[in-house]
Amino acid sequence: TQPLVTDDLWAAISPLLPPAPPRPEGGRPRVSDRAALTGILFVLVTGSPWERLPMEMGCGSDMTCWRRLRDWQAAGVWARLHRVLLDRLEAAGRIRWDRAALDSSTVPEKGGRGDGPEPADRGKPGTKRHIVTDAEGTPLGLTISAANRHDSKMVEATLDAIPPVSGGRRGRPKRRPRKLHADKAYAGRPVRQSLRRRHIAPRIPRPGV
């Protein structure tokens with residue numbers, strides 16, 4: 001079977017990782033970054049709880065992988081990797097800028113940080129992920145808000161989260177789709193006006209349609 005961290009993926013991400021912190025002599029050997037990345041991807045792909053990470057995978061403990069994920073997030077590794085992968089796709093002509101789609105999903109907040117009550121259950125805190133993809137479903141931009149934040153209020157921020165993508169070509173990088181599809185949660189006039197100011201054609205069903 002193909003490993004979760006292929007040689008091609010590792011070649012893309014390894015230059016983006018911060019250097020390992022110094023360790024005192026005689027301490028336990030540090031789990032390699034590639035092994036930790038394998039454990040991280042296993043949890044993210046399978047949805048398995050961290051504590052069920054199979055030790056036989058050789059990825060270290062669940063806390064080791066979770067801390068590495070946290071530290072790399074703080075260091076901006078994932079955002080830089082996203083831009084690298086988008087540039088690769090653009091260079092290969094694999095990003096569809098003619099149409100994009102925008103939507104959100106609510107995630108219950110297990111830690112109880114109180115990011116905002118869920119509209120469906122106002123007694124439980126949660127967060128909402130807003131994502132815009134190209135016509136093929138490739139993620140272009142992502143923002144996080146409180147669960148009770150209305151979708152329409154996050155349109156501009158989510159579009160602004162699309163990084164400039166050049167694909168190694170000369171000229172102005174791309175970061176704006178020509179048309180944006182969304183559901184009736186985005187049907188208000190302010191959203192349409194905002195999109196037109198950005199020269200993006202709204203493809204949103206109007207109320208009653």
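## Aromatic pair

Rings of Phe, Tyr and Trp (its six-membered ring) count as a pair if their centres lie within 6.5 Å, and such a pair is stacked with planes under 30 degrees apart, edge-to-face over 60 and tilted for the rest. By this rule the count comes to one aromatic pair, formed by Trp72 and Trp78, which are edge-to-face at 6.0 Å centre to centre with 65 degrees between the planes. Trp72 is buried, with a relative accessible area of 2% (buried means under 20%, with a 1.4 Å probe and protein chains only).

## Basis of the model

This is a predicted model, in which local features need pLDDT of at least 70 and side-chain atom pairs count only at pLDDT 80 or more, while totals for chains, interfaces and linings use all residues. Residues are numbered from 1 along each chain as its sequence is written, and side-chain values use heavy atoms, with hydrogens and water left out.

## Helices H2 and H3

The axes of helix H2 (residues 33–46) and helix H3 (residues 62–74) come within 9 Å and cross at roughly 100 degrees, where axes are lines fitted to C-alpha atoms over the stretch in contact and angles run from 0 to 180 degrees between N-to-C directions. H2 is therefore roughly perpendicular to H3, a term for angles of 65 to 115 degrees. Helices are DSSP runs of H or I with at least four residues, and strands are runs of E with at least two, numbered from the N terminus.

Asp33, Ala36, Leu37, Gly39 and Ile40 in H2 meet Cys65, Arg68, Leu69 and Trp72 in H3, contact being heavy atoms within 4.5 Å.

## The sheet

Five strands form an open sheet with mixed pairing, in the order S3-S2-S1-S4-S5, where two strands pair if DSSP finds at least two bridges between them. Strand S3 (139–146) and strand S5 (201–203) stand at the edges, each with a single partner strand, so one side of each is left without a neighbour in the sheet. Strand S2 (residues 126–134) pairs with S3 in the antiparallel sense over seven bridges, and Leu142 in S3 is the bridge partner of Ile131.

Notes
Buried means under 20% relative accessible area, exposed over 50%, partly exposed in between (1.4 Å probe, protein chains only). Angles under 35 degrees count as roughly parallel, over 145 as roughly antiparallel, 65 to 115 as roughly perpendicular and the rest as oblique.
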